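Please open the model in a viewer and keep the selection tool at hand.

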Amino acid sequence: MILSRPVFALVPARGGSKGIPRKNLRKIQGRTLVEIALKAAIDSVYVDRVYLSSEDEEILEQGRNLGVEVIKRPVELASDTSSANEVVNHFINQNSEEFSKDDPYILYLQPTSPLRALRHINEALEEMQTQKADSLISVIKLEKSPYKSFSIDINGRLRSLFEESLSNFRRQDLPNTYIPNGALYVFTASAFRLRGIFPSNGSLPYVMSESDSIDLDEEDDLIKLEKILGLSNG
């Protein structure tokens with residue numbers, strides 16, 4: 001399949017992390033999380049250029065060793081409070097001429113999803129081409145329906161988030177619901193510029209399995225990952 005526009009993969013990888021120190025440099029089966037994400041992008045026949053954005057020289061060096069284009073991110077865009085929107089905006093501004101000319105797909109690959117494989121990337125991009133979509137998000141199906149959820153009001157009483165009657169429905173009678181798993185975000189540069197944020201409403205869903213959707217945030221997640229890999233290798 002030939003895509004209608006180029007694909008620029010962006011791997012964001014800052015040096016700091018609260019839950020897992022130096023998280024993006026942790027190794028899984030001999031490769032760092034950064035290397036795993038970069039290699040998946042490099043190996044895709046649909047990805048034209050691969051970029052690594054970081055403020056950390058050790059991380060940037062891993063990108064140089066793999067031959068990808070590196071972007072030195074300002075330290076103020078690599079803090080605990082920095083947003084993904086700011087990272088993408090900085091990325092686009094660093095390549096403004098090319099983005100204006102080609103309006104490529106931006107394939108945003110967080111290193112913390114190590115079981116997002118090459119096939120996931122290729123399938124997602126192929127589906128975007130087939131559906132002529134300008135954005136896609138990988139998701140996982142929720143087992144517990146948010147239609148049965150409540151908030152607690154100022155008087156300490158439960159209040160249904162949706163119509164009260166829905167909280168009494170059987171789960172099977174409620175619509176399936178999904179949540180982003182953080183593995184894949186794809187959108188055109190123009191769609192991002194138009195909204196100023198990651199496009200979500202109207203995006204294509206790419207549904208992934210629970211095991212492939214693991215997102216590494218705390219040390220316990222690494223233990224879960226080891227169990228998954230142990231099962232898959234056994």
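Select Tyr 51 to begin: this residue is buried, with a relative accessible area of 1%, where buried means under 20% relative accessible area, exposed over 50% and partly exposed in between (1.4 Å probe, protein chains only). The model is a predicted one, in which local features need pLDDT of at least 70 and side-chain atom pairs count only at pLDDT 80 or more, while totals for chains, interfaces and linings use all residues. Residues are numbered from 1 along each chain as its sequence is written, and side-chain values use heavy atoms, with hydrogens and water left out.

A search of the whole structure finds nine aromatic pairs. Rings of Phe, Tyr and Trp (its six-membered ring) pair if their centres lie within 6.5 Å; planes under 30 degrees apart count as stacked, over 60 as edge-to-face and the rest as tilted. The ring centres of Phe 8 and Tyr 51 are 5.9 Å apart and the planes stand at 50°, so this pair is tilted. Phe 8 belongs to strand 1 (residues 7-12) and Tyr 51 to strand 4 (residues 49-54), so that the pair links distant parts of the chain, 43 residues apart. Helices (H or I, at least four residues) and strands (E, at least two) are DSSP runs, numbered from the N terminus.

Now show Arg 49, whose charged end sits over the ring of Phe 8, 5.5 Å from its centre. A charge sits over a ring if NZ of Lys or CZ of Arg is within 6 Å of the ring centre and within 35 degrees of the ring normal. Arg 5 lies over the face of Tyr 105, at 5.3 Å from the ring centre.

Next, select Tyr 185 and Phe 198. Their aromatic pair is edge-to-face, with 5.2 Å from centre to centre and 75° between the planes. Tyr 185 is in strand 10 (residues 178-188), and Phe 198 is in the loop between helix 6 (189-195) and strand 11 (204-207), so the pair ties together parts that are 13 residues apart in sequence. Tyr 185 counts as buried at 16% relative accessibility, and Phe 198 is buried at 14%.

Finally, colour strand 11. Leu 204 and Tyr 206 make up its covered face, Pro 205 and Val 207 its uncovered one.
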